[in-house]
Amino acid sequence: MNQTELLEEILILARQAGSAIMGIYEKDFNVEYKADESPVTDADLAAHKVIANGLAHLTPEIPVLSEESADISWDIRQTWTRYWLVDPIDGTKEFIKKNGEFTVNIALIENGKPILAVVDAPALGVSYLAAEAIGAFKDRGDERIELKVTTKANKGLIRVVGSRSHPSPDLAEFIKRFDEVEMVSKGSSLKLCLVAEGSADIYPRLGPTCEWDTGAGHAIAEIAGAKVTKLDGSPLVYNTKDEYLNPYFIVSAIEEETKL
């Protein structure tokens, strides 16, 4: 299966998971909490089941790491050169609030780099998809547009993805480098997609995330033409250590972004 065919199959699968989620979203649902106090719902587990079964059928030779099946030892994972990185619902808190800003994230990681991905926002009726061989796209079901980031100079108004009402001290310090700032607020991996589609110029993530939170959005943004780097300017990479936490990172469409 080539990248074009695989991407379309993953889009179908992500939307199937989205349908399973929406069937629960529209009713009352059960919320439980994991050991780290992060919430998990019936919908997370239903979407995980759809995706895990679908990937096992589509690509049985490629292992899967999902937030809902993350108990895989580093001894095993460090042998992987290619694997699926999945978050059945990214933005479970947004799901619980019922604000629509949650996503299904499925990314193919090869040698630490996301090379193909789908981010589906089922409540918003929009999907983002990308593959290195063919580009990045935004798909509303009846229309698909290609995403190509136009970089801009670090001057004038800069649209920054972050909390409008509660910027962290790190973020407040970071945005001092810009002449004028407009804060853009969004939940889940849609933050990375905002930069990919040109609705924001930069997303400095100066707080904790896990690899499954970012893999798919990372692929969308980078394949669209944005830079996704750690604070020192080096690439953000996956599956290089025992833990799943990401370092702080920046998604940028700004030319020669100054490093922290």
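1. Glu68 touches Lys34, Val40, Asp44, Leu45, His48 and Pro88, leaving out residues up to four places away in sequence; contact here means heavy atoms within 4.5 Å. This is a predicted model, in which local features need pLDDT of at least 70 and side-chain atom pairs count only at pLDDT 80 or more, while totals for chains, interfaces and linings use all residues. Residues are numbered from 1 along each chain as its sequence is written, and side-chain values use heavy atoms, without hydrogens or water.

2. Glu68 sits in the loop between strand 3 (64–66) and helix 3 (74–77). Helices (H or I, at least four residues) and strands (E, at least two) are DSSP runs numbered from the N terminus. The Glu68 side chain also makes a polar contact with the side chain of Lys34, at 3.5 Å. Such a contact is a pair of N or O atoms within 3.5 Å; within protein, one must be able to donate a hydrogen and the other to accept it, and residues adjacent in sequence count only if both atoms are side-chain atoms.

3. Now to Ile220: setting aside neighbours within four places in sequence, Ile220 is in contact with residues including Val119, Tyr128, Leu147 and Cys193.

4. And the cysteines? There are 0 disulfides, a disulfide being a pair of cysteine sulfur atoms within 2.5 Å. For Cys193, the nearest cysteine sulfur is that of Cys210, 18 Å away. Cys193 is buried, with a relative accessible area of 0%; buried means under 20%, exposed over 50% and partly exposed in between (1.4 Å probe, protein chains only).
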